[in-house]
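I opened this model to look up a few local features and kept short notes. The entries are in the order in which I checked them.

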Amino acid sequence: MWNDRYRTPEYVYGKEPNTYLVEELKKIKPGRILFPGEGEGRNAVYAATLGWEVHAFDSSSVGREKALLLADERKVSIAYELSNYEVYAVNGSSFHAVGLFYTHQPSELRRKFHRKIVQTLHPGGIILLEGFSKKQMANNSGGPKSLDFLYSVDELAEDFKELQIQKLNETVRELNEGDFHQGKADLIQLIAMK
């Protein structure tokens, strides 16, 4: 499905980074960062322009190719693996930050993956997350059309209970991220520290 979606000359979510990532990443000293489910690479490439050592993965080979082209265009380097959430290998506490942007999965898989991601963080490491809340079902601005794939504050608080949650709230904002994230959206944003 994702290879089919990305198989156009255009970047279907745009080339510019998520605005919440832009707001928050500049507050953190660059180190090693991981972007799971990174698709066409807009967030990973942006982080690399700020001096982060960027690692990303996605199951889409087409998304990976476009991400590497975008990195070349912006004259930065990113390490980008082909993998999916279930098999991604955690190699100790090696990241200073993890960016989870619209990484929607079925709830059972989400819980397991979020536990795995916590293990990848250095002490003091940060998780930045933005995704669609369950209220997004009423909107046509993007996202999964299954409640099980959408977030709630309570679910994310449980997923990341081992961390110090610094921000966890619902918000509404206008999305302008390529063809598939357009218009008013109900979102959840999270910042959590190990």
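**Basis.** I worked on a predicted model, in which local features need pLDDT of at least 70, side-chain atom pairs count only at pLDDT 80 or more, and totals for chains, interfaces and linings use all residues. Residues are numbered from 1 along each chain as its sequence is written, and side-chain values use heavy atoms, with hydrogens and water left out.

**Aromatic pairs.** I paired rings of Phe, Tyr and Trp (its six-membered ring) with centres within 6.5 Å, calling planes under 30 degrees apart stacked, over 60 edge-to-face and the rest tilted. By this rule I have 7 aromatic pairs. One of them, F57 with Y85, is edge-to-face, at 6.1 Å centre to centre and 75 degrees between the planes. F57 is in strand β2 and Y85 in the loop between β3 (79-82) and β4 (95-101), 28 residues apart; strands are DSSP runs of E, at least two residues, and helices runs of H or I, at least four, numbered from the N terminus. The F57 and Y88 rings are stacked, because their centres are 4.2 Å apart and their planes are at 15 degrees. Y88 also lies in the loop between β3 and β4, 31 residues from F57. I noted F57 as buried at 1% relative accessible area and Y88 as buried at 7% (buried is under 20%, exposed over 50%, partly exposed in between, with a 1.4 Å probe and protein chains only). F57, Y85, Y88 and F113 form one aromatic cluster.

**Charges over rings.** I required NZ of Lys or CZ of Arg within 6 Å of the ring centre and within 35 degrees of the ring normal. The charged end of R32 sits over the F95 ring, 4.9 Å from its centre. K66 has its charged end over the ring of Y11, 4.9 Å from the centre.

**Helix α3.** How many of the 8 residues of α3 (residues 42-49) are buried? I found 7, so the helix is largely enclosed by the rest of the structure. The buried residues include R42, Y46 and A48. G51 follows α3 and has a positive phi, near 100 degrees.

**S133.** I located S133 in the loop between β5 (121-132) and α6 (153-159). S133 counts as buried because its relative accessibility is 0%. Leaving out residues up to four places away in sequence, S133 touches L150, Y151, E170, D186, L187 and I188 (contact is heavy atoms within 4.5 Å).
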